Amino acid sequence: MEVFQLIGIALLTAVAVIILRPHKPEIAMIVSLAGGLMVLFLFVETLSGVIGGFSQIATQTGVPITLFSALLRIIGIGYLTEFAANICEDSGNQSLAHKVVIGGKILILVMAIPIVTSLIDIIVGVLP
């Protein structure tokens, strides 16, 4: 089961980082990053299934695939931004982490404009 793989990778990474941090902090950071990337790659296949599900919903509903594509990009930006901010915080740079989060929010806002525009067009089209 994937949850056991997730927990195993996380615990092994955490223990390795705890052991390495006092003696080799630069290697501890690399191990932490590698563990995080392993967890992300663990769910790539699951994510492809989700993308296929969204594609099927778009086909069945007749909603343009570009809207679902934008939605998936927004979700991806959110997850990647959080991942990057957590790496910054782990390295002791909280200020940079906050700026990464703000940058991600700005990108999400920009990416949401076509979705909001399409929703307004749909609402206007339904009104008499």
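Q: In this predicted model, what percentage of the chain's contacts with a separation of 6 or more comes from residues 24 or more positions apart?
A: Two residues are in contact when heavy atoms lie within 4.5 Å. Among the contacts in the chain with a separation of 6 or more, those between residues 24 or more positions apart account for 54%.

Q: Which order do the secondary structure elements follow from the N terminus on?
A: The chain holds five helices and zero strands. From the N terminus, the order of its elements is therefore written with helix symbols, as α-α-α-α-α.

Q: Is the chain more spread out or less spread out than a compact globule?
A: For 128 residues the globule rule gives 14 Å, whereas the radius of gyration of the chain is 19 Å. The C-alpha trace spans about 70 × 35 × 15 Å along its principal axes. Because the radius of gyration is well over the value from the rule, the chain, compared with a compact globule, is more spread out.

Q: Which helix do the buried residues of α1 pack against?
A: Helix α1 comprises residues 2–20, and Ile9, Thr13 and Val17 are buried in this helix. They lie on the same side of α1, because they cover an arc of only 60 degrees around the axis. On the other side, Phe4, Leu11, Leu12, Ile18 and Ile19 are exposed. The buried residues of α1 pack against residues 25–42, which form α2.

Note on methods:
Residues numbered from 1 in each chain as written. Predicted model: local features only at pLDDT ≥ 70, side-chain atom pairs only at ≥ 80, totals over all residues. Heavy atoms only, no water. Helix = DSSP H or I, 4+ residues; strand = E, 2+ residues; numbered from the N terminus. Expected span 1.5 Å × (residues − 1). Buried < 20%, exposed > 50% of the residue type's maximum accessible area, 1.4 Å probe, protein only. Arc of directions from axis to C-beta. Rg over C-alpha atoms; globule rule 2.2 N^0.38 Å.
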